[in-house]
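Thanks for coming, everyone. I have one model to walk through, so let me put it up.

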Amino acid sequence: MAAIATREQERKALEQIKKIVEALGPDSYIGTAFDGVFGVAEYNINNDAACSLRDRAAIFAREQALTETAEKIKKLEAQLADTTAKLEREQEWRPYADVRNVSEEEYQKLATTCSVKHLSDEEAAELIRNEFGFDIDKIEIVHTVDVYEVNRHNALRKVGELKRDPLYDATDWNYIRFNVCGWSYEMQDGNLRLYR
């Protein structure tokens with residue numbers, strides 16, 4: 001059984017092989033065949049690796065393919081962004097106000113009143129129970145309202161949310177948004193309305 005060479009022995013052998021190939025001249029058949037091999041051999045010795053020139057060529061080919069694929073993806077992403085922008089313009093999206101909801105303008109009038117109180121969820125649920133008789137354990141206070149846009153084909157899309165805390169100033173000047181058993185309500189100025 002042959003002894004395993006040390007890294008130092010391999011380095012010395014590689015130097016001897018390099019000298020033999022260099023002695024054959026720059027255009028030798030063997031020198032041409034060994035093009036790139038010495039670099040791979042040095043890499044293997046320095047990194048305790050076992051790569052062949054064929055392995056390195058396969059890795060290079062994969063890296064080239066990945067680079068080409070990344071460039072194609074970049075071009076397709078740019079095309080998609082351009083097409084999306086054109087589609088946005090064609091669809092003519094604009095703000096949509098659902099008349100079944102209390103408008104943000106109405107809410108802000110109450111919210112900016114100096115005497116208004118921001119209710120806790122518990123206080124809001126208690127007020128709803130007292131005003132409308134809902135089971136307090138089934139009341140879920142909602143703190144947001146969805147913001148939509150509509151296009152020229154009357155399709156809607158959600159584009160954000162507005163914060164809506166429960167507010168109370170007087171029996172006829174208040175606002176609470178809440179859910180009960182799958183139904184969605186707004187209490188506005190002591191009146192109850194279903195909302196979207």
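Start with helix α6, residues 121-132. It has 12 residues, so at 1.5 Å a residue it should span 16 Å, and its end C-alpha atoms are 16 Å apart, which agrees. The expected span here is 1.5 Å times one less than the number of residues.

A word on provenance. This is a predicted model: local features need pLDDT of at least 70, side-chain atom pairs count only at pLDDT 80 or more, and totals for chains, interfaces and linings use all residues. Residues are numbered from 1 along each chain as its sequence is written, and side-chain values use heavy atoms, with hydrogens and water left out.

Back to α6. Which residues of α6 are buried? Ala124, Ala125, Leu127 and Ile128. They cover an arc of only 160 degrees around the axis, so they sit on the same side of α6. That arc is taken over the directions from the helix axis to the C-beta atoms. On the other side, Glu122 and Asn130 are exposed. The cut-offs: buried is under 20% relative accessible area, exposed is over 50%, and partly exposed is in between, with a 1.4 Å probe and protein chains only.

What do the buried residues of α6 pack against? Four strands are listed: β3 (139-141), β6 (167-170), β7 (173-180) and β8 (183-188). Contact means heavy atoms within 4.5 Å. After α6 comes glycine 133, with a positive phi near 80 degrees.

Next, helix α4, residues 53-91. Its 39 residues should span 57 Å at 1.5 Å a residue; the end C-alpha atoms are 56 Å apart, which agrees. Glutamate 92 follows α4. Its phi is positive, near 55 degrees, and it is not a glycine. Glutamate 92 lies in the loop between α4 and β1. It is partly exposed, at 46% relative accessible area.

Cysteine 181 is another non-glycine residue with positive phi, near 50 degrees. You will find it in the loop between β7 and β8. At 56% relative accessibility, cysteine 181 counts as exposed.

Is lysine 18 buried or exposed? Buried, with a relative accessible area of 16%. Leaving out residues up to four places away in sequence, lysine 18 touches Phe38 and Glu42.

Now the strands. Two strands count as paired if DSSP finds at least two bridges between them. β1 (residues 94-96) pairs with β4 (residues 144-150), antiparallel, over 3 bridges. Arginine 94 has valine 150 in β4 as its bridge partner. β4 also runs antiparallel to β5 (residues 156-163), joined by 7 bridges. There, valine 150 is partnered by leucine 156 of β5. β4 and β5 form a hairpin with 5 residues between them, and asparagine 154 in the turn has a positive phi of about 65 degrees.

Last, the largest pocket. Its lining has 18 residues; nearest its centre are Tyr96, Ala97, Asp98, Asn101 and Asp146. β4 gives the largest share of that lining, 4 residues. β1 and β4 each supply at least two.

That's the tour. Questions, please.

Definitions and conventions: On a 1 Å grid over the protein atoms alone, a cavity is a set of points where a 1.4 Å probe fits but cannot get out, and a pocket is an open set with protein on both sides within 12 Å along at least five of seven lines; lining residues have an atom within 4 Å of a point.
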